[in-house]
Amino acid sequence: MIVPGSASQALGAALAAETGHELAAVDYEQFPDGERMASVDIGDTDRAVVVAATTTDASHVELLQLQDAAHEAGADDVVTVLPYMGYGRQERAFEAGQPVSARAVARAISTGTDRVVLVNPHEASVTDFFDVPCSVVDAAPQLAAPLPTDLTDPLFLSPDAGAIDLAESARAAYGRGAIDYFEKVRHSGTEVEITPSDAVVEGRDVVVVDDIVATGSTMSESIRVLHDRDASGVFVACVHPLFARDARTKLERAGVTGIYATDTVERDVTATSVAPVVADVL
Ligand code: R5P
């Protein structure tokens, strides 16, 4: 039985179709004091797959409730799929006195599940924070499918060295194109400096591939640098389209040609599903 969180309803349905599992009826309530309650009907099955992107604090609580509700309803095997793991970028304390937030949420999630599946966590090391078996799936190859098939001399580019594997996965799935990466220095939560490589981009279509678009600072700076160097089209491909605050406007103002993302976070730029790769590990 697939049990979808409120932020992952389309992915839940896609996963149910992909696996042939039933899609559970879930009820999301909110009380006058602001507290929420998610309840689920899992019928007479004893296995529940809870699928919930934890993009907000409320969705973290909702996930814990869904896990607990599934147990209460009789499930004795609960698998938790985190299409997007909130707080995953706080994988260490950057200064004394700060929490390792990814560890804190992982421990809480572990209490209600038998195993966890993560889609492209920002740092693979977060898998160690779970107290139950945790596996990772790579959705970057899914990003190739929605791209135009007629890209001109395509270059798959990551905005920093850390995302080069994603660019390579997307390029391999697309079937042709070169690979390169830029250097990125982050000055603050919203300010980044991009140093381009020597790659010639004039007249070429460039696909900038990253795991997350959050504030859009990384992508908008990359797009500007590429247009300054006379790239033909500049396409953005990301696994997790958080698109916080004015991220979409930033990308449009920078001159993005097209934006393609998966359904780990359900946004209007979602153009492909991670359901097939998640289904493979269920
Ligand atoms: C950082 O290393 C990540 O891979 C992304 O580049 C980053 O999270 C994007 O954030 P923003 O959209 O705020 O620049």
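In what sense do strand β2 (residues 25-30) and strand β3 (residues 36-41) pair, and over how many bridges?

## Basis of the model

This is a predicted model, in which local features need pLDDT of at least 70 and side-chain atom pairs count only at pLDDT 80 or more, while totals for chains, interfaces and linings use all residues. Residues are numbered from 1 along each chain as its sequence is written, and side-chain values use heavy atoms, with hydrogens and water left out.

Strands β2 and β3 pair in the antiparallel sense, over six bridges. Two strands are taken to pair if DSSP finds at least two bridges between them; helices (H or I, at least four residues) and strands (E, at least two) are DSSP runs numbered from the N terminus. R36 in β3 is the bridge partner of Q30. Five residues lie between the strands of this hairpin, where G34 takes a positive phi near 100°.

## Salt bridges

The whole structure contains eight salt bridges, each defined as a side-chain nitrogen of Lys or Arg within 4 Å of a carboxyl oxygen of Asp or Glu. One of them joins the side chains of D77 and R47 (3.1 Å, N to O). Because D77 lies in strand β5 and R47 in strand β4 (residues 47-51), the pair ties together parts that are 30 residues apart in sequence. D77 is partly exposed at 25% relative accessibility, and R47 is partly exposed at 22%. Here buried means under 20% relative accessible area, exposed over 50%, and partly exposed in between (1.4 Å probe, protein chains only).

K184 forms a salt bridge with D160, with 3.5 Å between the closest N and O atoms. This pair links distant parts of the chain, 24 residues apart: K184 is in strand β10 (residues 183-186), and D160 is in the loop between β8 (155-158) and α4 (164-174). K184 is partly exposed at 25% relative accessibility, whereas D160 is buried at 18%. Within helix α4, R171 and E168 are three residues apart, which means about one helical turn separates them; their side chains meet in a salt bridge (3.6 Å, N to O). A network of salt bridges links R248, E252 and D268.

## Helix α6

A254 is found in helix α6 (residues 247-254) and counts as buried, at 9% relative accessibility. Its C-alpha atom is separated by 5.5 Å from that of S220, although A254 and S220 are 34 residues apart along the chain.
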